[in-house]
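This report covers ring pairs, nonpolar cores and a pocket.

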Amino acid sequence: MDFSLTEEQVLLRDSVEKYVAENCSVERHRALAATEAGFDPQAWSQFAELGWLAVPFAETHGGFDGGAVDVMVICEALGKALVREPYLHTVITCGGFLQRGGSNAQQAQYIPWIIDGSAQWAFAFAERGSDFDLANVATRATSSGAGYTLDGRKIAVLNGHCADYLIVSARLEDAVGLFIVDSGAAGVEREAFVAVDGSRGAHISFDGVEVDADARLGEPGDGLQLVREVVDHAIVAMAGETLGHIHQLLVATLEYTRTS
């Protein structure tokens, strides 16, 4: 089996590594950890201009039809520089939900906003006592008129402190459903937090939050399967980031041993 990169993937890797080498550092990482957003919105716009946000999406939506290897190439390079911009949360995870479970209308509306960098997203799934079990969902979605009403509380929503849109898992009758929620909707309350590594997010409450019927992602009954598929792909991207972290630690350790 050939594990070598294609010419296009090498060019992609080199462009990302060149950018982060010139613009990112440990000092930048620490400085951004102290900001309210936790990342640099201007850098995010540059990611969009460079086409990185478009890589995983289909050409029909303005993307580059990139696969898992392309995503790994980007995430490993970002990981080497400890980049804080929420590529994993917005592009890979929530973008993955839209790509795999979104209707034609949802994809046409929301994916271009991810690609051009104009919208931030977060996946709200964890709940107190759920032990991060994807199927253990207490937040409720009830049918109401032409849509649904959401009630419940999600914890540790990474990037939730600044997300424009949320993808929320909720119990709908006997199944897990997924819903696109505008973070500015009535009944959405956010409590921002800072994690031990400086990452930012929010605990989010939903009190009678009304969404239209077209806010639901996927077909009835396939919500949990969709979550598992997207999380599996996000884990691959996280592995790429982790590989980048490990590489940088190895380089720093070698440099230290040569000077001590």
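Is F123 buried or exposed? F123 counts as buried, at 9% relative accessibility. Buried means under 20% relative accessible area, exposed over 50%, partly exposed in between (1.4 Å probe, protein chains only). The model is predicted: local features need pLDDT of at least 70, side-chain atom pairs count only at pLDDT 80 or more, and totals for chains, interfaces and linings use all residues. Residues are numbered from 1 along each chain as its sequence is written, and side-chain values use heavy atoms, without hydrogens and water.

**Ring pairs**

There are 14 aromatic pairs in the structure. Rings of Phe, Tyr and Trp (its six-membered ring) pair if their centres lie within 6.5 Å; planes under 30 degrees apart count as stacked, over 60 as edge-to-face and the rest as tilted.

| Pair | Centre distance | Plane angle | Class |
|---|---|---|---|
| Y110 and Y165 | 5.3 Å | 65° | edge-to-face |
| F123 and F125 | 4.8 Å | 25° | stacked |

Y110 is buried at 12%, and Y165 is buried at 14%. F125 is partly exposed, at 24% relative accessibility. Ring pairs also join Y19, F39, W44, F47 and W52 into a cluster.

**Nonpolar cores**

A nonpolar core is a set of buried Ala, Val, Leu, Ile, Met, Phe, Trp, Tyr and Cys residues joined through side-chain atoms within 4.5 Å. The largest has 47 residues; W52, L78, Y87, F97 and W121 touch the most other members. Another core, of 20 residues, lies apart from it and includes F179 and V181.

**Pocket**

In the largest pocket, 37 residues form the lining, and L88, H89, L158, S199 and E241 lie nearest its centre. A pocket is an open set of points on a 1 Å grid over the protein atoms alone, where a 1.4 Å probe fits, with protein on both sides within 12 Å along at least five of seven lines; lining residues have an atom within 4 Å of a point.
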